[in-house]
Amino acid sequence: MTDRSAIPLKVEQLSIRYHHKPVLTDVSFEVPAGKTVAIIGPNGAGKSSLLKGIMGLTPVIQGQALFFGEPLDKKRLTTAYVPQREEIDWDFPIDVMDVVLMGRHGQLKFWQRPNQNDRDIAEKALWDLQMSDFSDRQISQLSGGQQQRVFLARALAQQASLYLMDEPFAGVDVATEKAIIELFKQLKAQGNTVVCVHHDLNTVHEYYDYAVLINARLIAAGPVDEVLTKDNLNKTYGGRLSLLNEMTEQLYRSQLNQAHDQD
Amino acid sequence: MFEFSPFLATALIGGIGLALISAPLGVFVVWQRQSYFGATLAHSALLGVSLALLMQTNLSGTIIVVSLLIAWGIFTLNHTQQLSSDTLLGILAHSSLALGLILISLQDSVQIDLMGYLFGDILSLNQNDLILIAVTGVLIALFYWKHWRDMLNITLNSELAQVEGTEVKKVQLQFILLLAFMIALSMKMVGVLLVTSLLIIPAAAARRLSHTPEQMLGWSLILGVLSVLTGIAGSYWYDLPTGPAIVMMATLIFGLLLFKKQ
């Protein structure tokens, strides 16, 4: 089993280049266990590249990512990935249950078939994402948000300790958004860690405990309350000051509202 | 009315064998939307033919090597050039076909049946081809026994498959290798220009009948064999060119299944 006390994700001096242009330089940070973490930054800041570099999908020129103290190769079963939702219509005859069961394949040898235990886990994962009614449905018949939930259920069925997601909230419907928030709560309650690329600054406070601010290099990493300062946001989103002032004001207000709610 | 000659026996066995090796590759070509990629490899087969004639090398072997080189070229150019992949495929498909035709026309010493290469000549199948078809069939069966689930994973999302530990590049390379084998062998039956149809049409027809990947595999095997048998029969009784007859029968089956409600 995974050592729960180990740091779920540690990024050490990661640098990525694309066509000889630096995309990310010397990024280091640690993600604590049992938290939800947002990677934020403006468009083109290298958020998705960072996640892909961490997962070994993009070659890195320097640095490494350690999962519970080890490289990804040794920790594939404890790490689940949810890719960015693609606008593709699969012409692929496969039902929802079978897609979720694929999340169990890592635990099976190539000649083994999923057993009843695997099916129970997959069913539970679908139930958790309010997709039980769709388990016999062909994946090609689902809406984009429902497809997203199937991929989340697939990751959940893997029973990992660390979940990395590329913009899970991008372009989803309200039902899916709610389902993802519930999923975050449930995963955290079990002591699991969630790391997401996130694009909407307004919702960072609401959804996440930690934030990693990126703009071609690391600006700041830490608890949301500490790192989402005007100064850090200026450094991250530099140039677009008027917009920023509005945003920081909104953030300030939402914090006030939260404070009021707690009264 | 029906005279069973050894030629016909070889043609029938070879035709069934080719249907059985095309169908399993075809389902993934359809799922991964790679039909233009398949067509490009098929077009490049004529370049293989002309090089084999020029250098007096083994025909099937040369076609396989040329197909692999073209596949490697597509892969490399796709990753280094800012070209959309269908533009790239279009350029490679037709330039390799054109180069093949030029090289063939330059060899005036031998009489070459160009039509046979372009549209196939099932009676040119021989014992050696039957053995090669059987070997390819076994290789495909072994590949799917080991990598069926990996291929499904790659089809669903290749990045996810890679993160979960599937050796995506290695598996895809093996798939392309099998595709090159299949094209080199079926070219004799249906010709360079029609090879892709053996991959795509039975699989596309099977899609109408299937709810799982395994069902689609099964149906495309059945429909592929059915197209080949009815195509050969049509060609035998009505004196039609065999390759086009097979393709038309496959298209007819596909057309009929379009009316089926899903």
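**View 1. Chain A splits into domain 1 (1-78 + 161-224) and domain 2 (86-159)**. These bounds come from an automatic or database domain assignment. This is a predicted model: local features need pLDDT of at least 70, side-chain atom pairs count only at pLDDT 80 or more, and totals for chains, interfaces and linings use all residues. Residues are numbered from 1 along each chain as its sequence is written, while chains are lettered from A and ligands numbered from 1 in the order in which they are written. Taken over C-alpha atoms, the centres of the two domains of chain A are 23 Å apart.

**View 2. Here is where domain 1 of chain A meets domain 2 of chain A**. Domain 1 puts 13 residues into the contact and domain 2 puts in 11 (in contact means C-beta atoms, placed from the backbone, within 7 Å). Helices here are DSSP runs of H or I with at least four residues, strands are runs of E with at least two, and both are numbered from the N terminus. That domain 1 side has 8 nonpolar, 3 polar and 2 charged residues. For these classes, Ala, Val, Leu, Ile, Met, Phe, Trp, Tyr, Cys and Pro count as nonpolar, Asp, Glu, Lys and Arg as charged, and the others, Gly among them, as polar.

**View 3. Chain B touches chain A**. Chain B brings 21 residues to this contact and chain A brings 17. On the chain B side, H1, H6, helix H7 (158-163) and helix H10 (213-238) each supply at least two residues, and H6(B) gives the most, with 5. Sorted by class, the chain B side comes out as 7 nonpolar, 9 polar and 5 charged.

**View 4. Helix H1 (residues 6-31) of chain B packs on helix H6 (residues 127-156) of chain B**. Their axes sit 10 Å apart at an angle of about 20 degrees (axes are lines fitted to C-alpha atoms, for helices over the stretch in contact, and angles run from 0 to 180 degrees between N-to-C directions). So H1(B) is roughly parallel to H6(B), a label for angles under 35 degrees. Residues making the contact include Gly14(B), Gly17(B) and Trp31(B) of H1(B), and Ala134(B), Gly137(B) and Tyr144(B) of H6(B). The contact residues divide into 14 nonpolar, 6 polar and 1 charged.

**View 5. Chain B has 11 helices and 0 strands**. Its C-alpha atoms fill a box of roughly 55 × 45 × 30 Å along the principal axes.

How values were computed:
Angles under 35 degrees count as roughly parallel, over 145 as roughly antiparallel, 65 to 115 as roughly perpendicular and the rest as oblique. Two residues are in contact if their C-beta atoms, placed from the backbone, lie within 7 Å.
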